[in-house]
Structures are given as C-alpha cells and as structure tokens.
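I opened this entry to keep track of what I looked up in one structure.

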Amino acid sequence: MKTVLITGAADGIGRALAFEFAQKGYHVIGIDFDREHSRQTENDLTTQGFSARFIQTDLSQPDFLAELLPQLPPCDVLVNNAGISAVGAFAALDWPRQQHVLDVNLRAPIQLTNAILKNTLLKPGGSLVFISSLSHYVGYPGAAAYAASKDGLAAYGRNLRIALKGKNHVLVVFPGP
C-alpha cells in the first residue's frame, strides 16, 4: 500500500487531499496541530474503511522533528500543505504573529522535507508537493508575511525540482481562495 504524508490534514485543502488519496488506496498519515479536527478527520476516514493515522504536532516549534520523525514510515508522497495567516496591516501586526506564519508556512516545510530526504523516508520515485498560494502571482493587502512565506515555499519547490530531477517528482500548487 502506498503512503502519503500530509501536513495540515485535519481541515480545508489538507482534509480534501486526505480523502482523495485515501480513495486512491493510499495509507494517509496526517499531521496537524488541531487535536479535535485531527481526531474527527481520522475517524471519518477509518469509519469509511480507509487506512489513516493522524499525528498531532506543532510545526511552529523548531524542534518538532524530534518527536515526529521517529513516527514516520517511508512515504510515496509528502504534501507540505499546512498554512496559516496573520491578517492586518503589516506595520500594525506584532512580530511574533508574523514569525509564527513564517515558521509554519516556510521553515517547517523546508525542515520536514530536508529530514525526509536526509533520512531516505521518501521512496525512490516519490513525490514532493508544496501547496503555495495564488498570492505568489497576485498580492493582496493585509497578508504580507503570508505571501512572503508562500513565495519562499514556491521558490524552494522550484529549486528542489531541479536538484532532484530524475530521482523524485516535485509539484508546486498555487490554489486561490
């Protein structure tokens, strides 16, 4: 059975991806901060006969990998989907809120992807998926840190595509609202 690892899998795009992959026969490993939504999504998947396991972790913490990595089996697909925003005038938002956005949306996916590759937890020919944002192409007021984080994620994915050519597939996705 193929395995997919999806960050931010308890809600929104991540939840939809979890069901889509499950319907295609994948074992779904969801990673999310939200305990209640994680339990609900895992329960919804397993009661429909799908194979799923959710792991609760806080991607904003620099040491999140210490607890997470030992729980991860080799996967066929890694979907870096988790994303948050801090909305408001850039100068009016306090730095810790903006740093939190950068940590979850940019640092954590780079850190997780690096660890997955370094520890050979992505199977040969496996795929890396980065969920960026339409904000990469069209900015909008009130989400500067979010847009910067998603632009950085897109650039990281593009560069990995070149570095991993012939070994792994790399896809960057730009969903809108």
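**The core**

I looked up the largest nonpolar core first, and it has 29 residues. Those with the most contacts inside it are Leu5, Leu72, Leu112, Ile116, Leu128 and Phe130. A nonpolar core here is a set of buried Ala, Val, Leu, Ile, Met, Phe, Trp, Tyr and Cys residues joined through side-chain atoms within 4.5 Å. Buried means under 20% relative accessible area, exposed over 50%, and partly exposed in between, with a 1.4 Å probe and protein chains only.

I then noted where the core comes from: strand 2 (27-32), helix 3 (64-68), strand 4 (75-80), helix 4 (95-118), strand 5 (122-131), helix 5 (144-163) and strand 6 (169-173) each supply at least two of its residues. Helix 4 gives the most, with 6 residues. I also found a second, separate core of 17 residues, which includes Ala9, Tyr26, Val28 and Ala52.

**What I am looking at**

I wrote down that this is a predicted model, in which local features need pLDDT of at least 70 and side-chain atom pairs count only at pLDDT 80 or more, while totals for chains, interfaces and linings use all residues. Residues are numbered from 1 along each chain as its sequence is written, and side-chain values use heavy atoms, with hydrogens and water left out.

**The whole chain**

I counted 5 helices and 6 strands; these are DSSP runs numbered from the N terminus, helices being H or I of at least four residues and strands E of at least two. Along the sequence they follow the pattern β-α-β-α-β-α-β-α-β-α-β. The radius of gyration is 16 Å, close to the 16 Å that the globule rule gives for 177 residues, so the chain is as compact as a globular protein of that length. That radius is taken over C-alpha atoms, and the rule is 2.2 Å times the number of residues to the power 0.38. The C-alpha trace spans about 50 × 40 × 30 Å along its principal axes. Of the 177 residues, 46% count as buried.

**Leucine 72 and leucine 69**

I listed the contacts (heavy atoms within 4.5 Å) of leucine 72, leaving aside neighbours within four places in sequence: Leu5, Ile29, Ile31, Ile55, Leu112, Ile116 and Leu121. Leucine 69 is in the loop between helix 3 and strand 4. With the neighbours within four places left out again, leucine 69 is in contact with Ala115, Asn119 and Leu121. Leucine 69 and leucine 121 are 52 residues apart in sequence, but 9.4 Å apart in space, C-alpha to C-alpha.

**Two residues of helix 5**

Is glycine 157 buried or exposed? At 0% relative accessibility, glycine 157 counts as buried. Glycine 157 lies in helix 5 and touches Phe130, Val170 and Val172, not counting residues up to four places away in sequence.

Alanine 163 is also placed in helix 5. At 53% relative accessibility, alanine 163 counts as exposed.

**Threonine 120**

I ended with threonine 120, in the loop between helix 4 and strand 5. Threonine 120 has a positive phi of about 45 degrees although it is not a glycine. With a relative accessible area of 64%, threonine 120 is exposed.
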